[in-house]
Amino acid sequence: MNIYENYETVEVTTDLLILGGGMAACGAAFEAAYWAKKNNLKVTLVDKASMDRSGAVAMGLSAINMYVGLKEGKNTLKDYVDYVKNDLMGIVRDDLVANIGRHVDSSVHLFEKWGLPIWKDENEKYINEGRWQIMIHGESYKTIVAEAAKNALKEMEDNGEYYERVFITDPIMEGDRCVGAVGFSVRENKFYVFKAKSVLVAMGGAVHIFRPKSVGEGLGRSWYPPFNSGASAYFTIKAGAEMTCQEVRFVPIRFKDAYGPVGAWFLLFQARATNALGEEYMKTRAGELENWLPYGKNKPIPTSLRNHLMLLDEAEGKGPIYMRTDEAIKNFVAEIEDKKQAARKLKELEKEAWEDFLDMTISQALLWASTDTMPEEKASEISPCEPYFISSHSGASGAWMSGPEDMAPDDYKWGYDNMTTVKGMFAAGDASGASSHKFSSGSFTEGRIAGKSAIRFCVENPEMPEISPEKIEEMKKTTFMPLEIFETHKHYSNDPDVNPNFIKPKMFMFRLQKIMDEYAGGVSKSFKTSESLLQKGMEYLKFLHEDSDKLAAQDLNELMRCWENRQRIWQAESHIRTVMFREETRWPGYLFRTDFPEMKEDWKCFANCKYNPETGEWEMMKREIIELT
Ligand code: SFD
Ligand code: AMP
């Protein structure tokens with residue numbers, strides 16, 4: 001049986017290939033369209049889902065978390081770089097953060113022009129949630145941004161196009177250059193071969209690598225979107241790109257079970273978080289911050305340290321931990337003497353509290369409704385989530401990037417802005433590392449930077465690379481192998497999910513999550529691990545790698561699930577390897593090395609890794625931190 005022969009091969013030749021349709025990809029398409037038109041070049045975007053509602057912003061958002069306010073004089077670029085650096089305990093690329101920071105405000109102004117409602121005060125000024133965050137009515141945020149990106153491509157006529165519901169699997173390499181990607185339609189019997197002069201990776205971060213807290217009937221619920229499954233990390237690692245900060249996972253504190261974000265409560269509503277005894281761990285445990293200097297004494301206290309203090313309370317059995325929504329709302333109203341005015345303010349706050357979740361985490365509003373929770377009357381539990389890989393929030397994992405020409409130190413640049421160490425391959429958003437706190441607006445902005453730069457690469461490298469047809473045929477076979485395996489063995493047992501000849505993707509995912517949870521410091525281990533646990537985890541991961549050749553798919557949807565898991569294990573492996581390499585604890589509330597429980601000066605550096613596609617070997621390396629003055 002040769003199932004793959006039933007799938008039509010569709011060849012697409014383009015100049016710039018953008019992978020993903022999220023915030024970074026939309027920014028890339030918007031900007032690249034402008035520069036491509038000037039040079040008569042073609043731009044093609046490919047998303048596994050539908051751009052209107054794909055990626056992390058699918059449900060919408062309630063704030064734009066990166067707005068510097070440079071022109072208004074709200075903050076300086078240095079303020080922003082210092083803030084990000086402190087939050088990541090010193091481990092960031094100043095040049096990348098500053099490059100996004102100096103352009104991000106203009107992206108936000110574009111969003112507003114395209115119709116995104118941003119909260120304004122009586123003087124028409126944006127209303128801030130915190131110093132860097134501005135409030136939006138953002139249920140339709142992604143639809144608005146996607147429309148602008150699609151319009152930019154449509155205006156290019158034959159030179160602009162986007163493919164939706166096409167899942168990207170592997171990079172096409174010719175020598176040391178990335179010259180395209182292959183993938184398959186999740187709806188039609190089609191295999192896609194995209195040939196390009198430059199490729200921009202923006203397929204988001206990774207979820208469901210660690211066992212989630214949501215199991216049983218809640219399975220699938222997570223803070224970050226379950227559809228982002230490590231495609232960016234897989235693609236860049238497999239192409240041989242140097243990766244950075246693969247150990248820096250993000251453990252967000254969220255409203256328990258429905259994963260509602262906490263930012264608006266801490267910053268806008270000024271709520272306190274307390275334990276079951278009513279103690280405020282940020283105060284009672286302040287002494288612990290002395291162990292994490294200089295970061296522990298700076299404001300705001302880094303995210304991983306805030307987590308750490310909460311985890312210490314939990315470890316002593318002082319939970320549940322509560323977000324004191326009731327107290328916060330009452331405090332606002334208590335200051336108002338006029339009763340009518342106070343009632344009006346109460347209604348307004350109630351509305352804002354519900355909108356915060358209806359804008360971006362609808363399930364949290366549903367959980368409140370189903371548990372009779374009126375936030376103005378009853379506090380809600382908060383707790384740490386399972387770890388995610390997302391470099392655009394308070395994590396940092398991703399590809400090691402060439403920095404901006406006019407700012408980056410020599411060691412940080414090797415050609416084009418936002419090019420990875422692989423020729424012709426660019427990255428942005430969650431795909432690029434060491435430039436945290438870019439969020440939705442910064443990811444879009446970084447996409448713009450990378451898109452412009454990737455077009456310049458096409459102009460300066462105009463030859464269309466040759467791709468061997470044999471290689472493509474081999475990739476096609478590999479892509480559809482899970483369907484072949486299922487068809488070959490399906491009659492061996494009477495349950496399509498249980499068969500000694502293959503493994504279904506869901507079972508495979510459970511195995512991966514068990515390994516990561518128990519050996520790499522997941523939720524059940526309170527985010528703690530050690531060399532010996534990691535070694536054991538690597539041993540099991542090796543078996544899992546072998547078993548990935550036996551993944552089986554009953555239909556196209558399951559084929560996608562197979563590939564999602566194939567991609568996840570590469571993110572998992574690079575994580576374990578880098579956690580093992582960094583012999584210290586630097587982000588204690590994300591990951592605690594019990595064998596190296598302290599932060600060390602000689603580890604104030606990047607921990608990078610690189611997979612060699614020729615030999616199959618990994619190389620681990622330290623890279624110096626060079627700060628901008
Ligand atoms: O408060 C393939 N984020 C927030 N950012 C803000 O600015 N404000 C907020 O209020 C935010 N909050 C928030 C946020 C995220 C989530 C999930 C929630 C709440 C619930 C963060 C931003 O959303 C995030 O920084 C950006 O979206 C990152 O952009 P990008 O482009 O790196 O990732 P993406 O948007 O998720 O897009 C990924 C795309 O890749 C596609 N894809 N395509 C083809 N083949 C494959 N194999 C693919 N795999 C994935 C996806 O479909 C998608 O199009 S708060 O909580 O922090
Ligand atoms: P979150 O809802 O946790 O994703 O946070 C949204 C934004 O608020 C991000 O920029 C966070 O870094 C920031 N944030 C959340 N909680 C706090 C806090 N307690 N102190 C300072 N900043 C915070």
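Helix α16 gives the largest share of the lining of the second largest pocket, 6 residues. This is a predicted model, in which local features need pLDDT of at least 70, side-chain atom pairs count only at pLDDT 80 or more, and totals for chains, interfaces and linings use all residues. Residues are numbered from 1 along each chain as its sequence is written, chains are lettered from A and ligands numbered from 1 in the order in which they are written, and side-chain values use heavy atoms, without hydrogens and water.

**The second largest pocket**

- The volume of this pocket is about 940 Å³. A pocket is an open set of points on a 1 Å grid over the protein atoms alone, where a 1.4 Å probe fits, with protein on both sides within 12 Å along at least five of seven lines. Points are joined across faces, edges and corners, and the volume is the space filled by probe spheres set on them.
- Its lining counts 38 residues, and D170, K238, W570, Y611 and P613 lie nearest the centre. A lining residue has an atom within 4 Å of a point.
- Elements that give two or more residues to this lining are β7 (166–174), α5 (231–238), α13 (469–489), α16 (556–581), β20 (606–611) and β21 (618–623). Helices (H or I, at least four residues) and strands (E, at least two) are DSSP runs, numbered from the N terminus.
- The lining divides into 14 nonpolar, 10 polar and 14 charged residues. Ala, Val, Leu, Ile, Met, Phe, Trp, Tyr, Cys and Pro count as nonpolar, Asp, Glu, Lys and Arg as charged, and the others, Gly among them, as polar.
- Domain 1 (3–61 + 83–103 + 137–249 + 388–460) and domain 3 (477–597) each give at least three residues to the lining. The domain bounds come from an automatic or database domain assignment.

**Aromatic pairs**

- The whole structure holds 41 aromatic pairs. Rings of Phe, Tyr and Trp (its six-membered ring) pair if their centres lie within 6.5 Å; planes under 30 degrees apart are stacked, over 60 edge-to-face, and the rest tilted.
- F111 and F444 pair edge-to-face, at 4.9 Å centre to centre and 75 degrees between the planes. F111 lies in helix α3 (residues 94–113) and F444 in helix α12 (residues 439–460), so the pair ties together parts that are 333 residues apart in sequence.
- Both F111 and F444 are buried (under 20% relative accessible area, with exposed over 50% and partly exposed in between; 1.4 Å probe, protein chains only).
- Y234 and W563 also pair edge-to-face, at 6.4 Å centre to centre and 75 degrees between the planes. Y234 is in helix α5 and W563 in helix α16, so this pair ties together parts that are 329 residues apart in sequence. Y234 and W563 are buried.
- Y7, F167, F184, F191 and F480 are linked by ring pairs into a cluster.

**Cysteines**

- The structure has 0 disulfides (pairs of cysteine sulfur atoms within 2.5 Å). For C458, the nearest cysteine sulfur is that of C178, 12 Å away.
- C458 counts as buried, at 1% relative accessibility. C562 is buried at 1% as well.

**Backbone features**

- Most residues other than glycine have a negative phi, and most peptide bonds are trans.
- The L293 to P294 peptide bond is cis, with omega near 5 degrees. K299 and P300 are joined by a cis bond, with omega about -5 degrees.
- P294 sits in the loop between α7 (281–284) and α8 (303–315). P300 is found in the loop between α7 and α8.
- M89 has a positive phi, near 55 degrees. M89 is in the loop between α2 (77–87) and α3, and is buried at 0% relative accessible area.
- D257 has a positive phi of about 75 degrees. D257 lies in the loop between β12 (253–255) and α6 (263–268).
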